[in-house]
Amino acid sequence: MNTAYPKRIDRQPSTLRIIIIPIISVLLGSMTVLVPYIASMPLLPPFGLMILIAWRLIRPGIWPIWIGFPLGLFDDIFSGQPFGSAAFLWSAVMIFIEIVDNRFLWRNFWQDWFLASLSIMLALVGGLWINKVISDAGNVTILLPQIILCIFLYPLVLRVVAWLDSKRLAR
């Protein structure tokens, strides 16, 4: 057998890459708040949550339903929210998506976009509510630019996650 050419049939992707790429992408998405950015209102989307939702909708069986808790705890370290708020909200989002996924046997891009937008919006409003319990955080209208930006950026995040998925499964 000639070994000059790589084996293309029945190839196995790296097990480490299959496990690590989705987790690292969510963790890096959560760390985007470290980018120097000055604003008078919240505008930076929660990229960690958006990447988590995109992975969940692209590959439904990739993670267990409880993965939102540890990844949310990591996001709490960087986001400045009260510790445990993202862990709770991300877990609630994963449960919500699981319920909707079991309810509908088929989905298309528009339904996934709506589901992701609704999940992100509810997580942002939930984070505002948690902050409002602790201090005066303002009203929901302050989140409208951030919500709109999240809705329009989600297809781009989905495209990046699809590219990462192709790299994850490559040899």
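Analyst: Helix α5 gives the most to the lining of the largest pocket, with five residues. Helices (H or I, at least four residues) and strands (E, at least two) are DSSP runs, numbered from the N terminus. The model is predicted, so local features need pLDDT of at least 70 and side-chain atom pairs count only at pLDDT 80 or more, while totals for chains, interfaces and linings use all residues. Residues are numbered from 1 along each chain as its sequence is written, and side-chain values use heavy atoms, with hydrogens and water left out.

The largest pocket holds about 690 Å³ of space. Its lining has 32 residues, and Pro42, Ser79, Gln81, Leu124 and Gln146 are the closest to the centre. Two or more lining residues come from each of α1 (15–30), α2 (47–58), α3 (68–79), α4 (85–103) and α5 (109–134). On a 1 Å grid over the protein atoms alone, a pocket is an open set of points where a 1.4 Å probe fits, with protein on both sides within 12 Å along at least five of seven lines; a cavity is a set from which the probe cannot get out, and lining residues have an atom within 4 Å of a point. Points are joined across faces, edges and corners, and the volume is the space filled by probe spheres set on them.

By class, 20 lining residues are nonpolar, eleven polar and one charged. Nonpolar here covers Ala, Val, Leu, Ile, Met, Phe, Trp, Tyr, Cys and Pro; charged covers Asp, Glu, Lys and Arg; the others, Gly among them, are polar.

Gln146 lies in helix α6. Because its relative accessibility is 6%, Gln146 counts as buried (under 20% relative accessible area, with exposed over 50% and partly exposed in between; 1.4 Å probe, protein chains only). Beyond its neighbours within four places in sequence, Gln146 is in contact (heavy atoms within 4.5 Å) with Pro42, Leu43, Leu44, Pro45, Pro46 and Leu124. Pro42 and Leu124 are also among the residues closest to the pocket centre.

The loop between α5 and α6 includes Ser135, which is partly exposed because its relative accessibility is 42%.

Elsewhere, the largest nonpolar core has 37 residues, and Leu52, Ile53 and Tyr154 touch the most other members. Such a core is a set of buried Ala, Val, Leu, Ile, Met, Phe, Trp, Tyr and Cys residues joined through side-chain atoms within 4.5 Å. At least two residues of this core come from each of α1, α2, α4, α5 and α6 (144–169). Leaving aside neighbours within four places in sequence, Leu52 contacts Val26, Trp63, Ile67, Gly68, Leu71, Trp90 and Met94.

The protein chain as a whole has six helices and zero strands. Of its 171 residues, 36% are buried. As for confidence, the chain has a mean pLDDT (the predictor's confidence in each residue, from 0 to 100) of 88, and 93% of its residues reach 70 or more. Confidence is lowest in α5, at a mean of 90, and highest in α2, at 95.
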